[in-house]
Every structure is written in C-alpha cells, then in structure tokens.
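User: I have a new model open and would like to go through it with you, one spot at a time. Could you bring it up so that we are both looking at it?

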Amino acid sequence: MPSFRSRRRRHVTISLVLLSLLELSTPLSISTPPPPTSKILLLGASGFLGQEIVQQAKDRPNIELICTSRSGKDGAVVIDLTAPDAEEKIAELAKGCTGVISTVGSLSGTSDDRVINAATSAAARGASSAGTQRFVAIGNNPRVRRLSKSVPFLKDYATGKEESERVIRELFGTNACIVQPCFVYGGDKFGVSPPRVASSVGRLAEEVLGLYPIQALSRALPDSLGVPLEAPTSVESVAAASLNVALGICEGYDVLDSKDSIAMAAKSHRPRGCINEDECSIEEEEETQRRRDEIKRMLTNPVDSDGSHDPIALMEELELLRPSSTKPAYDESLNSRWRFVLSKSDVGTDILKQLQTEEGFSPLQLIFA
C-alpha cells in the first residue's frame, strides 16, 4: 500500500503536469485593440483656459487635439474667426472631429468685443458643415450676462456672446453645450485685463463663498450685489468639463450654468449624482436623488410639512447627500457646510436660526426657488 508521502508526491506531479498543459493551451499574451482616438478641435488654444485644456488633453490617452489661435503660439494653427474665410478653414480642420471647443472671447470694452465674440458663429457653421457631432462654447453665468448688458462698456461683449450662442444652438441642438462659469480662477498670477485671480486666493474664495448662507444671500440680492458673492470656479474644472462634454463622456448637458454643474461634468470617473468616490449603482443614485428631492420639498414648502422635522437637521442631511464633486472645500471638515456654520455662536448664525423659526419662511427657499 503506497505511503501517504508517495501519494502526496503523485498528486503534486499530476497537478504540475495539468498546470503545464493548461499553460501551453493558453495564449502567452492577450492583445486588446486600443480604444479609438477622439479628435477635438480647440479654438483659442493660446488663452488662459485654452492652455489648460491643452495640458489636460496631453494627460489623457487617445485624444488628438487640433489647436488654433489668432497668434499661432506654441504651434497652433493661425485662424482669425472674424476673417471672411474663417468658416471654410474651420470646416476643413473639423473634418473627422468628435467635437469642437471654443474658448474664443474678447473683453476689451470696445466695439470689437461684439465682432470677436459673435465670430464663434462662423466656427459653428464650419463645424456643422464638416459633420462634427458636438460643439462646446464658453459663455458666462446668466447673472453675469444680465449685469454685463446693463453696463455700457460691457454691452457689446454680452451681445456678441448671445449672437454666437444662438447660432450654435440652432445648428447643433441638444449636442451644443454652453459652459457658463461666473468667475474663473487659476494659475499663480493676478491680472486686471481680463480680471484674473490666482489659485491660492481663488480656492479660499470658492470655499467661503460656496457656503450655503452666502449662496442664499447672493440669490436674494440684485445682480449688482449678488454676483460678487457667487462662488468662483477653477480653470481646471472648466477645462475638464469642456473636454468631457466634447468627447461625449458627459451626455445630456446643453448648458453648465453653475459651479456645481461644471464640477459634476468635470468628474468623468463616476456617474452624475454618486455620493461616494467609488461608482455607485443606478439604483443607489436614483434613491439618493429621490431623498434629495423629498428634503427640498419639505424645506421649501413648510406649510405641507407636519412640523415633526427639524429644518436644521434636514439641511445637514441634504448637505451630506450632495455629491462630493459639488463640495468646494478642500478641507474635509468644511464639507458639511451647514454643520460648520451652524456650530458657531455668532450674530450671523443666530439670525439664520431665528429666521428658520419664523412661520412659513425658510432660507432654503432662496436657494431652490
């Protein structure tokens, strides 16, 4: 009778033989075809935002970026969109492109602003004739637009933007997206014309002005007073959102008109609405959205509530349900902004609490109205 040791040795030998046969029958390597390259035409590549888009495109695989600018800086194709042949040139460059991103704009306070800002319509016509799928243009927040139209030296700027955006929407329909940040910060330098704030100060402003009480105050004030209180957006977020929409990673966006919506579109690694960094299921996303909507109804319609819910607690829950991509704080302790603010004992917080106890009034009405 074979010993235990000999039986074990036989089993090991048989296992090794089977393993070697399996290895021989399996290909040594499996080569998968690389994903197809997406071709993007970038207009205004030499500007502040254009340079950031160029840098981010370099960090992403399988993107062929065709860059244009009036100056031809850094090897960009020289194109003046106000020239008579601009549409023809864009049509040639846009052949085979998945999308076009236009960062072209002028804010000089002269009549040239209208001509330059309206010239993006020529690019849209050229891209449309070339069969380009999507067109992304950089505009500005509706409140900034209204304010600009009321200021004489900014009126031409706003009018030119509106003319080009109208043509873009007519030609591309739901495949057009207008990115409308209120104020963009970035880099390490300050500027006056156009106005620019460095990242060090911009991040702090984004964190502070992103607090709910300040958002509510900004919405309640007229544009001339409320716009300076709007939270700014980083150039990195605007660039990432523009690329994601142009590539078709983010679908269903025809306008990104707030800091939060731009941040959501910039987060391409997970579905919109996920509350964790890991991807959440569609069911979890839908359930989270239903709960957010329910809380909003309870806060904005206090008459319909049975009075058994603490409004402050509901606001804190709503904050925690917000996607992390929409939370401006880099410091984790600030990511529950109502808790951060309402834990303090100061005049502003006391006023908010007193307003919350007034029958039929909720500061959240100013946010969700």
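User: Let's start with Asn62; what does it count as in terms of accessibility?
Analyst: Asn62 counts as partly exposed, with a relative accessibility of 27%; buried means under 20% relative accessible area and exposed over 50%, with partly exposed in between, using a 1.4 Å probe and protein chains only. Please bear in mind that this is a predicted model, in which local features need pLDDT of at least 70 and side-chain atom pairs count only at pLDDT 80 or more, while totals for chains, interfaces and linings use all residues. Residues are numbered from 1 along each chain as its sequence is written, and side-chain values use heavy atoms, leaving out hydrogens and water.

User: Where is Asn62 found, and what is its phi?
Analyst: Asn62 belongs to the loop between α2 (48–58) and β2, where helices (H or I, at least four residues) and strands (E, at least two) are DSSP runs numbered from the N terminus. Its phi is near 60°, a positive value in a residue other than glycine. Most residues other than glycine have a negative phi.

User: And Asp74, is that one buried or exposed?
Analyst: Asp74 counts as exposed, at 71% relative accessibility, and its place is in the loop between β2 and β3. Asp74 also has a positive phi, about 55°, although it is not a glycine.

User: Okay, on to the sheet. In what order do the strands come?
Analyst: Seven strands make an open sheet in the order β3-β2-β1-β4-β5-β6-β9, with parallel pairing; two strands pair if DSSP finds at least two bridges between them. At the edges stand β3 (77–78) and β9 (255–256), each of which has a single partner strand, so one side of each lacks a neighbour in the sheet.

User: How many bridges join β2 to β3?
Analyst: Two bridges link strand β2 (residues 63–69) to β3, and these strands run parallel. Thr68 has Val77, in β3, as its bridge partner.

User: Which strands does α3 lie across?
Analyst: Helix α3 (residues 86–93) lies across β1 (38–43), β2 and β3, and runs at about 155° to β1; axes are lines fitted to C-alpha atoms, for helices over the stretch in contact, and angles run from 0 to 180 degrees between N-to-C directions. Helix α11 (residues 235–247) packs on the sheet as well, touching β1, β2, β4 (99–102), β5, β6 and β9, and its direction makes about 160° with that of β5.

User: Switching to α7, what span should it have?
Analyst: The 18 residues of helix α7 (residues 155–172) should span 26 Å at 1.5 Å a residue, and the end C-alpha atoms are 26 Å apart, which agrees. The expected span is 1.5 Å times one less than the number of residues. Just after α7, Gly173 takes a positive phi of about 55°.

User: What do the buried residues of α7 pack against?
Analyst: They pack against α4 (112–118), α5 (120–129), β5 (134–138), α6 (142–150) and β6 (176–179), with contact meaning heavy atoms within 4.5 Å. Ile168 is one of the buried residues of α7, and its relative accessible area is 0%.

User: Which residues does Ile168 touch?
Analyst: Not counting residues up to four places away in sequence, Ile168 touches Thr120, Ala124, Phe135, Ala137, Gly173, Ala176 and Ile178.

User: Last one: how many helices and strands has the protein, and what share of it is buried?
Analyst: The protein has 17 helices and nine strands, and 44% of its 369 residues count as buried.
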